[in-house]
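Dear colleague,

I am passing on the structure below, and I would be grateful if you could look through it before reading my notes, which follow directly after it.

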Amino acid sequence: MNDNPSHKLIIISAPSGAGKTSIVKHLLQQDLKLAFSISVTSRPMRPGEVDKKDYYFYTVEEFKAKLEAGEFLEWQEVYANQYYGTLKSEIERIWATGHHVLFDVDVLGGINIKKYYGDKALSIFIKPPSPEVLAQRLAGRGTETPESLAKRLAKADYELSFEDQFDKVVVNDNLQVAQEETIQLIRDFLQQE
Ligand code: ADP
Ligand code: 5GP
């Protein structure tokens, strides 16, 4: 593990549709010296997504080869046959540029990264105002097939049960308020020695 006290990590986790991407994109525009940890995924690219910016898009075979080579800090089969993982090299790459690492990872991945890095990491759980609102937002985003929407909703109740394992919880009712609250939590954390 890296012992440079100025190297920190911010973990944003939530069920799919809770607003992680909307919050993470906003955080990257602030003067917080954050850089996004680009994960590897085996899911298909969505319209508008860019390889090596939103994700490193791999086939399942490529993903498994990296896994066997021990290159992942953490990984999850978030949905059946859809693998997501954080490469160890990603954290070193970002720290070398003098930035803190910002993660958008699933709930179990977030808990694992926090366990590994302890006080160097701040873990934030983004909570939807209700399961019904979560379902509306996910459907309204228009990115999911009926099948992938059903998969995400089926997992949401399970993921919502992990909120107390995070350092902080932000309810995303009004997006702007949730964004401001998250920025303040991060500023407070980064100011601590
Ligand atoms: P995630 O990355 O957690 O899957 P997104 O950021 O993609 O979630 O948000 C899911 C959908 O809900 C998007 O269409 C987004 O524009 C919308 N959304 C996010 N936050 C809010 C909010 N507070 N109020 C209304 N819609 C929201
Ligand atoms: P999506 O397919 O909507 O982009 O992401 C689905 C879920 O996978 C989200 O909860 C997202 O945070 C999570 N995810 C993205 N990258 C990683 C990763 O590297 N590790 C883990 N554990 N989850 C990830």
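**The two ligands and their surroundings**

Ligand 2 sits in the largest pocket, where a pocket is, on a 1 Å grid over the protein atoms alone, an open set of points with protein on both sides within 12 Å along at least five of seven lines, and a molecule sits in it if more than half of its atoms lie within 2 Å of its grid points. The model is predicted, with local features needing pLDDT of at least 70 and side-chain atom pairs pLDDT 80 or more, while totals for chains, interfaces and linings use all residues. Residues are numbered from 1 along each chain as its sequence is written, chains are lettered from A and ligands numbered from 1 in the order written, and side-chain values use heavy atoms, without hydrogens and water.

Around ligand 2 there are 19 residues, of which Ser 39, Arg 43, Tyr 55, Glu 74 and Tyr 84 come nearest. A polar side-chain atom of Arg 43 lies 2.6 Å from an oxygen atom of this ligand, and one of Asp 106 lies 2.8 Å from a nitrogen atom of ligand 2. Of the 510 Å² that ligand 2 exposes when taken alone, the protein buries 96%.

Ligand 1 is surrounded by 14 residues, with Gly 17, Thr 21, Ser 22, Arg 141 and Asn 172 the closest. Oxygen atoms of ligand 1 lie 2.4 Å from a polar side-chain atom of Thr 21 and 2.8 Å from one of Arg 141. The protein covers 75% of the 560 Å² of accessible area (Shrake-Rupley method, 1.4 Å probe) that ligand 1 has on its own.

With best regards

Definitions and conventions: A residue is near a molecule or strand if one of its heavy atoms lies within 4 Å of it. A polar contact is a pair of N or O atoms within 3.5 Å; within protein, one must be able to donate a hydrogen and the other to accept it, and residues adjacent in sequence count only if both atoms are side-chain atoms. On a 1 Å grid over the protein atoms alone, a cavity is a set of points where a 1.4 Å probe fits but cannot get out, and a pocket is an open set with protein on both sides within 12 Å along at least five of seven lines; lining residues have an atom within 4 Å of a point.
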